[in-house]
Amino acid sequence: MKLLQPSMTPAQRLDWLDMAKGIGMLLVVYGHSYGPDNYYVYLFHMPLFFILSGYLFNSQQKFGTFLLKKFTGLYIPFAGWNFIVMLIRLIAAQQSGLLTEKLLDGRLNVMRLMFLTVGKDGEYMGATWFLGSLFVISIVYKLIDMAIPEIKSKQKILLIIFGLVALYGFSNTLPYGQSRTLILGFFFALGRYLKIREETFERLTSIVMALLVTVLFWVLSNFTRANMGTNEYENAPVFVLCAILGSFIVICISMCLERSNFSLIELLRKPLRYLGKNTLDILLWQFVAFRFCVAFQLNLQGIPITEVFAQESRYYTQDGWWIFYFAAGMILPLIWGWFLRKGPWGWLLKKLRLV
(Lines give C-alpha, C1' and ligand atoms only; values in the text may rest on other atoms or scores of the structure.)
Protein backbone atom coordinates (compact mmCIF):
# COMPACT_ATOMS: atom_id res chain seq x y z
CA MET A 1 0.00 0.00 0.00
CA LYS A 2 1.37 3.40 -0.96
CA LEU A 3 1.94 5.88 1.79
CA LEU A 4 0.11 8.71 0.05
CA GLN A 5 -2.97 7.63 -1.85
CA PRO A 6 -5.57 10.09 -3.15
CA SER A 7 -8.28 8.13 -1.34
CA MET A 8 -6.61 8.53 2.03
CA THR A 9 -7.54 11.35 4.37
CA PRO A 10 -4.93 13.92 5.40
CA ALA A 11 -5.05 12.60 8.98
CA GLN A 12 -4.26 9.08 7.77
CA ARG A 13 -1.49 10.30 5.51
CA LEU A 14 0.20 12.12 8.38
CA ASP A 15 -0.08 9.36 10.97
CA TRP A 16 3.53 8.33 10.44
CA LEU A 17 4.68 11.92 10.75
CA ASP A 18 2.84 12.38 14.05
CA MET A 19 4.47 9.19 15.31
CA ALA A 20 7.89 10.40 14.17
CA LYS A 21 7.34 13.65 16.07
CA GLY A 22 6.25 11.63 19.09
CA ILE A 23 9.38 9.48 18.98
CA GLY A 24 11.46 12.61 18.43
CA MET A 25 10.00 14.32 21.48
CA LEU A 26 10.70 11.27 23.61
CA LEU A 27 14.32 11.52 22.46
CA VAL A 28 14.47 15.28 23.16
CA VAL A 29 13.34 14.89 26.77
CA TYR A 30 15.59 11.84 27.19
CA GLY A 31 18.55 13.91 26.01
CA HIS A 32 17.69 16.83 28.28
CA SER A 33 17.29 14.39 31.20
CA TYR A 34 20.87 13.22 30.63
CA GLY A 35 19.85 9.61 30.15
CA PRO A 36 22.61 7.04 29.53
CA ASP A 37 24.48 7.57 26.23
CA ASN A 38 22.31 10.59 25.45
CA TYR A 39 25.03 11.92 23.16
CA TYR A 40 23.59 9.63 20.46
CA VAL A 41 20.36 11.61 20.67
CA TYR A 42 22.17 14.93 20.24
CA LEU A 43 23.47 13.76 16.88
CA PHE A 44 20.06 13.88 15.23
CA HIS A 45 17.08 14.88 17.39
CA MET A 46 16.93 18.51 16.21
CA PRO A 47 17.74 17.79 12.54
CA LEU A 48 14.88 15.25 12.67
CA PHE A 49 12.31 17.92 13.56
CA PHE A 50 13.57 20.28 10.86
CA ILE A 51 13.41 17.50 8.27
CA LEU A 52 9.82 16.79 9.31
CA SER A 53 8.98 20.50 9.16
CA GLY A 54 10.48 20.79 5.68
CA TYR A 55 8.48 17.73 4.63
CA LEU A 56 5.31 19.63 5.54
CA PHE A 57 6.29 22.78 3.62
CA ASN A 58 3.48 24.00 1.36
CA SER A 59 4.85 25.71 -1.74
CA GLN A 60 1.35 26.42 -3.09
CA GLN A 61 0.30 28.56 -0.12
CA LYS A 62 0.28 32.31 -0.69
CA PHE A 63 3.00 34.15 1.21
CA GLY A 64 0.56 36.18 3.31
CA THR A 65 -1.30 33.07 4.42
CA PHE A 66 1.98 31.22 5.02
CA LEU A 67 3.42 34.09 7.08
CA LEU A 68 0.28 34.37 9.22
CA LYS A 69 0.27 30.64 9.87
CA LYS A 70 3.92 30.60 10.94
CA PHE A 71 3.51 33.78 12.99
CA THR A 72 0.57 32.39 14.96
CA GLY A 73 1.85 28.80 15.15
CA LEU A 74 5.53 29.43 15.90
CA TYR A 75 6.37 33.04 16.75
CA ILE A 76 3.50 33.84 19.11
CA PRO A 77 3.95 30.73 21.32
CA PHE A 78 7.70 31.37 21.36
CA ALA A 79 7.62 35.10 22.09
CA GLY A 80 4.42 35.05 24.13
CA TRP A 81 5.39 32.44 26.70
CA ASN A 82 8.98 33.68 26.95
CA PHE A 83 7.68 37.19 27.62
CA ILE A 84 5.21 35.97 30.25
CA VAL A 85 7.83 33.88 32.06
CA MET A 86 10.41 36.69 31.94
CA LEU A 87 7.83 39.14 33.30
CA ILE A 88 6.88 36.80 36.14
CA ARG A 89 10.54 36.37 37.04
CA LEU A 90 11.06 40.13 37.10
CA ILE A 91 8.05 40.59 39.38
CA ALA A 92 9.25 37.79 41.66
CA ALA A 93 12.71 39.37 41.87
CA GLN A 94 11.17 42.74 42.69
CA GLN A 95 8.93 41.28 45.37
CA SER A 96 11.83 39.45 46.99
CA GLY A 97 14.06 42.52 46.93
CA LEU A 98 16.55 40.95 44.51
CA LEU A 99 15.81 43.20 41.55
CA THR A 100 18.85 45.39 40.91
CA GLU A 101 19.40 47.81 38.06
CA LYS A 102 21.98 45.46 36.57
CA LEU A 103 19.59 42.50 36.74
CA LEU A 104 16.77 44.54 35.21
CA ASP A 105 18.97 45.73 32.32
CA GLY A 106 20.15 42.18 31.70
CA ARG A 107 16.63 40.75 31.65
CA LEU A 108 15.33 43.53 29.41
CA ASN A 109 18.18 42.91 26.97
CA VAL A 110 17.36 39.19 26.86
CA MET A 111 13.72 40.14 26.27
CA ARG A 112 14.67 42.35 23.31
CA LEU A 113 16.76 39.56 21.83
CA MET A 114 13.90 37.13 22.35
CA PHE A 115 11.52 39.26 20.29
CA LEU A 116 14.13 39.05 17.51
CA THR A 117 14.09 35.22 17.93
CA VAL A 118 17.77 35.13 18.94
CA GLY A 119 17.21 35.03 22.72
CA LYS A 120 15.08 33.12 25.21
CA ASP A 121 14.55 32.56 28.90
CA GLY A 122 17.19 29.89 29.29
CA GLU A 123 16.13 28.61 32.70
CA TYR A 124 12.48 27.80 32.06
CA MET A 125 11.97 28.19 28.31
CA GLY A 126 15.32 26.84 27.15
CA ALA A 127 13.95 24.44 24.56
CA THR A 128 11.84 27.10 22.84
CA TRP A 129 14.74 28.31 20.69
CA PHE A 130 13.51 25.66 18.26
CA LEU A 131 10.34 27.65 17.56
CA GLY A 132 12.23 30.87 16.88
CA SER A 133 14.71 29.17 14.57
CA LEU A 134 12.01 27.27 12.70
CA PHE A 135 10.02 30.50 12.23
CA VAL A 136 13.02 32.25 10.65
CA ILE A 137 14.02 29.28 8.49
CA SER A 138 10.46 28.73 7.25
CA ILE A 139 10.05 32.35 6.14
CA VAL A 140 13.47 32.52 4.48
CA TYR A 141 12.89 29.22 2.68
CA LYS A 142 9.50 30.42 1.46
CA LEU A 143 10.95 33.65 0.08
CA ILE A 144 13.75 31.86 -1.77
CA ASP A 145 11.30 29.23 -3.03
CA MET A 146 9.13 32.02 -4.45
CA ALA A 147 12.14 33.71 -6.08
CA ILE A 148 13.26 30.61 -7.98
CA PRO A 149 11.17 29.77 -11.05
CA GLU A 150 9.44 26.40 -11.33
CA ILE A 151 12.16 24.41 -13.06
CA LYS A 152 12.96 20.72 -12.81
CA SER A 153 16.07 21.21 -10.70
CA LYS A 154 14.47 23.72 -8.30
CA GLN A 155 14.60 21.51 -5.19
CA LYS A 156 18.21 20.60 -5.87
CA ILE A 157 19.07 24.30 -6.17
CA LEU A 158 17.33 25.04 -2.86
CA LEU A 159 19.16 22.16 -1.20
CA ILE A 160 22.50 23.43 -2.50
CA ILE A 161 21.76 27.00 -1.35
CA PHE A 162 20.89 25.91 2.16
CA GLY A 163 23.80 23.47 2.13
CA LEU A 164 26.19 26.35 1.45
CA VAL A 165 24.55 28.40 4.22
CA ALA A 166 25.01 25.45 6.58
CA LEU A 167 28.67 25.21 5.56
CA TYR A 168 29.07 28.84 6.58
CA GLY A 169 27.36 28.05 9.89
CA PHE A 170 29.76 25.19 10.57
CA SER A 171 32.75 27.40 9.77
CA ASN A 172 31.67 30.46 11.76
CA THR A 173 30.39 30.54 15.32
CA LEU A 174 27.82 33.35 15.42
CA PRO A 175 26.48 34.92 18.63
CA TYR A 176 23.31 33.67 20.32
CA GLY A 177 23.54 30.22 18.74
CA GLN A 178 22.62 31.44 15.27
CA SER A 179 25.11 29.10 13.58
CA ARG A 180 22.74 26.35 14.68
CA THR A 181 19.88 28.02 12.81
CA LEU A 182 21.94 28.26 9.61
CA ILE A 183 22.87 24.59 9.85
CA LEU A 184 19.34 23.41 10.57
CA GLY A 185 18.09 25.24 7.49
CA PHE A 186 19.83 22.58 5.41
CA PHE A 187 17.81 19.83 7.10
CA PHE A 188 14.60 21.78 6.47
CA ALA A 189 15.50 21.92 2.78
CA LEU A 190 16.34 18.21 2.87
CA GLY A 191 12.89 17.46 4.27
CA ARG A 192 11.31 19.33 1.39
CA TYR A 193 13.52 17.45 -1.06
CA LEU A 194 12.37 14.13 0.40
CA LYS A 195 8.74 15.21 0.11
CA ILE A 196 9.14 15.74 -3.63
CA ARG A 197 10.55 12.20 -3.90
CA GLU A 198 8.31 10.58 -1.33
CA GLU A 199 7.43 7.49 -3.38
CA THR A 200 11.09 6.63 -3.90
CA PHE A 201 11.83 7.42 -0.27
CA GLU A 202 8.98 5.21 0.94
CA ARG A 203 10.31 2.22 -0.98
CA LEU A 204 13.50 2.46 1.08
CA THR A 205 11.64 2.19 4.38
CA SER A 206 11.49 -1.24 6.00
CA ILE A 207 12.41 -2.78 9.33
CA VAL A 208 15.43 -4.46 7.73
CA MET A 209 16.61 -1.11 6.34
CA ALA A 210 16.07 0.51 9.74
CA LEU A 211 18.25 -2.14 11.39
CA LEU A 212 21.00 -1.78 8.79
CA VAL A 213 21.01 2.01 9.08
CA THR A 214 21.02 1.74 12.89
CA VAL A 215 24.23 -0.32 12.73
CA LEU A 216 25.80 2.20 10.35
CA PHE A 217 24.72 5.09 12.61
CA TRP A 218 26.21 3.35 15.67
CA VAL A 219 29.53 2.80 13.90
CA LEU A 220 29.80 6.36 12.57
CA SER A 221 28.69 7.93 15.86
CA ASN A 222 31.98 6.83 17.40
CA PHE A 223 33.77 9.34 15.17
CA THR A 224 31.92 12.51 16.09
CA ARG A 225 30.34 14.47 18.92
CA ALA A 226 28.21 17.57 18.58
CA ASN A 227 26.98 20.56 20.52
CA MET A 228 24.80 22.59 18.18
CA GLY A 229 24.26 25.34 20.77
CA THR A 230 27.97 26.15 21.00
CA ASN A 231 28.67 25.12 17.39
CA GLU A 232 31.26 22.55 18.42
CA TYR A 233 31.72 19.40 16.32
CA GLU A 234 34.48 16.83 16.44
CA ASN A 235 33.77 15.88 12.83
CA ALA A 236 31.15 18.04 11.10
CA PRO A 237 30.71 15.91 7.92
CA VAL A 238 30.20 12.75 10.00
CA PHE A 239 27.76 14.68 12.21
CA VAL A 240 25.68 15.61 9.14
CA LEU A 241 25.69 11.99 8.01
CA CYS A 242 24.70 10.75 11.48
CA ALA A 243 21.94 13.38 11.65
CA ILE A 244 20.52 12.11 8.36
CA LEU A 245 20.87 8.44 9.34
CA GLY A 246 19.35 8.94 12.80
CA SER A 247 16.43 10.88 11.34
CA PHE A 248 15.92 8.18 8.71
CA ILE A 249 15.72 5.52 11.43
CA VAL A 250 12.93 7.37 13.24
CA ILE A 251 11.03 8.09 10.02
CA CYS A 252 11.50 4.52 8.81
CA ILE A 253 10.17 3.05 12.07
CA SER A 254 7.19 5.44 11.98
CA MET A 255 6.29 4.52 8.41
CA CYS A 256 6.57 0.81 9.21
CA LEU A 257 4.33 1.27 12.24
CA GLU A 258 1.74 3.00 10.06
CA ARG A 259 1.77 0.22 7.47
CA SER A 260 1.62 -2.62 9.99
CA ASN A 261 -1.60 -4.66 10.04
CA PHE A 262 -1.05 -6.13 13.51
CA SER A 263 -3.80 -4.97 15.84
CA LEU A 264 -1.46 -4.85 18.84
CA ILE A 265 0.68 -2.26 17.05
CA GLU A 266 -2.15 0.22 17.60
CA LEU A 267 -1.27 0.14 21.30
CA LEU A 268 2.03 1.74 20.27
CA ARG A 269 0.72 3.93 17.46
CA LYS A 270 -1.93 5.67 19.54
CA PRO A 271 0.33 7.11 22.29
CA LEU A 272 2.98 8.09 19.74
CA ARG A 273 0.38 9.94 17.68
CA TYR A 274 -0.83 11.66 20.83
CA LEU A 275 2.69 12.78 21.70
CA GLY A 276 3.22 13.94 18.13
CA LYS A 277 0.11 16.10 18.23
CA ASN A 278 1.16 17.64 21.56
CA THR A 279 4.84 18.30 20.93
CA LEU A 280 4.38 22.03 21.54
CA ASP A 281 3.30 21.47 25.15
CA ILE A 282 6.29 19.23 25.87
CA LEU A 283 8.67 21.57 24.09
CA LEU A 284 7.45 24.60 26.05
CA TRP A 285 7.17 23.15 29.52
CA GLN A 286 9.72 20.34 29.95
CA PHE A 287 12.27 22.52 31.76
CA VAL A 288 9.55 23.90 34.01
CA ALA A 289 8.68 20.29 34.88
CA PHE A 290 12.34 19.70 35.72
CA ARG A 291 12.09 22.45 38.36
CA PHE A 292 9.51 20.31 40.19
CA CYS A 293 12.02 17.48 40.17
CA VAL A 294 14.64 19.80 41.68
CA ALA A 295 12.16 20.89 44.37
CA PHE A 296 11.39 17.25 45.23
CA GLN A 297 15.09 16.40 45.53
CA LEU A 298 15.74 19.45 47.70
CA ASN A 299 12.88 18.43 49.98
CA LEU A 300 14.39 14.95 50.38
CA GLN A 301 17.63 16.60 51.48
CA GLY A 302 15.85 18.79 54.00
CA ILE A 303 16.60 21.93 51.99
CA PRO A 304 13.80 24.54 51.69
CA ILE A 305 11.95 24.20 48.40
CA THR A 306 12.41 27.95 47.87
CA GLU A 307 16.04 27.16 47.10
CA VAL A 308 14.83 25.77 43.77
CA PHE A 309 14.96 29.35 42.44
CA ALA A 310 18.59 29.70 43.51
CA GLN A 311 19.40 26.42 41.76
CA GLU A 312 17.11 26.84 38.80
CA SER A 313 19.80 26.15 36.21
CA ARG A 314 20.98 22.91 37.83
CA TYR A 315 19.48 19.50 38.24
CA TYR A 316 20.81 16.20 39.43
CA THR A 317 20.04 13.22 37.18
CA GLN A 318 22.73 10.72 38.21
CA ASP A 319 22.07 7.42 39.98
CA GLY A 320 18.90 6.76 38.01
CA TRP A 321 17.28 10.13 38.74
CA TRP A 322 17.16 10.76 35.00
CA ILE A 323 14.16 8.41 34.88
CA PHE A 324 12.28 10.72 37.27
CA TYR A 325 13.20 13.76 35.18
CA PHE A 326 12.29 12.01 31.95
CA ALA A 327 8.87 10.94 33.24
CA ALA A 328 8.17 14.39 34.67
CA GLY A 329 9.37 16.10 31.48
CA MET A 330 6.92 14.06 29.42
CA ILE A 331 3.88 13.84 31.68
CA LEU A 332 3.66 17.18 33.51
CA PRO A 333 3.76 19.32 30.33
CA LEU A 334 0.90 17.30 28.86
CA ILE A 335 -1.19 17.79 32.00
CA TRP A 336 -0.33 21.50 32.12
CA GLY A 337 -1.11 21.91 28.41
CA TRP A 338 -4.49 20.22 28.93
CA PHE A 339 -5.23 22.55 31.86
CA LEU A 340 -4.30 25.65 29.87
CA ARG A 341 -6.91 24.78 27.24
CA LYS A 342 -9.75 24.43 29.76
CA GLY A 343 -12.10 27.04 31.20
CA PRO A 344 -12.27 30.75 30.37
CA TRP A 345 -8.47 31.09 30.51
CA GLY A 346 -8.27 28.43 27.82
CA TRP A 347 -10.62 30.43 25.62
CA LEU A 348 -8.45 33.52 26.08
CA LEU A 349 -5.17 31.68 25.49
CA LYS A 350 -6.56 30.16 22.31
CA LYS A 351 -7.66 33.58 21.09
CA LEU A 352 -4.15 34.87 21.78
CA ARG A 353 -2.73 31.83 19.91
CA LEU A 354 -0.66 30.82 22.96
CA VAL A 355 -2.11 27.30 22.96
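**Helix packing and buried residues**

Biologist: Which residues in α11 do Phe 186, Phe 187 and Leu 190 in α8 meet?

Modeller: In α8, the contact is made by Phe 186, Phe 187 and Leu 190. This is a predicted model. On the α11 side, the partners are Val 240, Ala 243 and Ile 244.

Biologist: How many residues of the contact of α8 with α11 are nonpolar?

Modeller: The contact pairs Phe 186, Phe 187 and Leu 190 with Val 240, Ala 243 and Ile 244. No polar and no charged residues are counted there, and the number of nonpolar ones is 6.

Biologist: Are α8 and α11 parallel, perpendicular or oblique to each other?

Modeller: Their axes lie 12 Å apart and the packing angle is about 40°. Roughly parallel requires an angle under 35 degrees, and roughly perpendicular requires 65 to 115. The crossing of the two helices is right-handed. By their angle, α8 and α11 are therefore oblique.

Biologist: Which residues does Leu 190 contact, leaving aside neighbours within four places in sequence?

Modeller: Leu 190 belongs to helix α8 and is buried, with a relative accessible area of 11%. Its C-alpha atom is separated by 6.3 Å from that of Leu 159, which is 31 residues away along the chain. With neighbours within four places in sequence set aside, the contacts of Leu 190 are Ile 51, Leu 159 and Ile 244.

Biologist: Ile 51 is one of the residues of α3. How many residues of helix α3 are buried?

Modeller: Helix α3 covers residues 45–55. Its buried residues include His 45 and Ser 53 as well as Leu 48 and Ile 51.

Biologist: What covers the buried residues of α3?

Modeller: Among the residues being covered are Met 46, Phe 49 and Tyr 55. The covering elements include α2 (15–32), α6 (129–147), α8 (178–196), α9 (198–203) and α11 (236–259).

Biologist: Which residues in α6 are met by α3?

Modeller: α3 and α6 pack with their axes 12 Å apart at an angle of about 40°, and are therefore oblique to each other. From α3, the residues involved are Met 46, Phe 49, Phe 50 and Ser 53. The residues they meet in α6 are Trp 129, Phe 130, Ser 133, Leu 134 and Ile 137.

Biologist: How many residues of the contact of α3 with α6 are polar?

Modeller: α3 passes α6 in a right-handed crossing. Of the residues in this contact, 7 are nonpolar and none is charged, and the number of polar ones is 2.

Biologist: Is Thr 128 buried or exposed?

Modeller: Thr 128 sits in the loop between α5 (101–115) and α6. Not counting residues up to four places away in sequence, Thr 128 touches Phe 78, Asn 82, Lys 120, Leu 283 and Leu 284. A polar atom of its side chain lies 2.5 Å from the backbone oxygen of Met 125. Its relative accessibility is 0%, so Thr 128 counts as buried.

Biologist: Which residue's backbone oxygen does the side chain of Thr 224 reach?

Modeller: Thr 224 lies in the loop between α10 (207–220) and β1 (226–227), and with a relative accessibility of 0% counts as buried. Its contacts beyond four places in sequence include Leu 43, Glu 234, Val 238, Phe 239 and Cys 242. At 3.1 Å, its side chain reaches the backbone oxygen of Asn 235.

Biologist: Which residues are in contact with Gln 155, leaving aside neighbours within four places in sequence?

Modeller: Gln 155 is part of helix α7. Its relative accessibility is 11%, so Gln 155 counts as buried. Neighbours within four places aside, the residues in contact with Gln 155 are Tyr 141, Asp 145, Arg 192, Tyr 193, Ile 196 and Arg 197.

Biologist: Is Tyr 34 buried, partly exposed or exposed?

Modeller: Tyr 34 lies in the loop between α2 and α3, and its phi is positive, near 60°. Buried would need under 20% relative accessible area, and exposed over 50%. At 47% relative accessibility, Tyr 34 is therefore partly exposed.

Biologist: What is the phi of Tyr 176?

Modeller: Most residues other than glycine have a negative phi. Tyr 176 lies in the loop between α7 (154–171) and α8. Although Tyr 176 is not a glycine, its phi is positive, at about 60°.

Note on methods. Residues numbered from 1 in each chain as written. Predicted model: local features only at pLDDT ≥ 70, side-chain atom pairs only at ≥ 80, totals over all residues. Heavy atoms only, no water. Buried < 20%, exposed > 50% of the residue type's maximum accessible area, 1.4 Å probe, protein only. Helix = DSSP H or I, 4+ residues; strand = E, 2+ residues; numbered from the N terminus. Contact = heavy atoms within 4.5 Å. Polar contact = N/O pair within 3.5 Å; in protein donor to acceptor, adjacent residues only side chain to side chain. Axes fitted to C-alpha atoms, helices over the stretch in contact; angles between N-to-C directions. Parallel < 35°, antiparallel > 145°, perpendicular 65-115°, else oblique. Left-handed = near helix turned anticlockwise from the far one by under 90°. Nonpolar A, V, L, I, M, F, W, Y, C, P; charged D, E, K, R; others polar.
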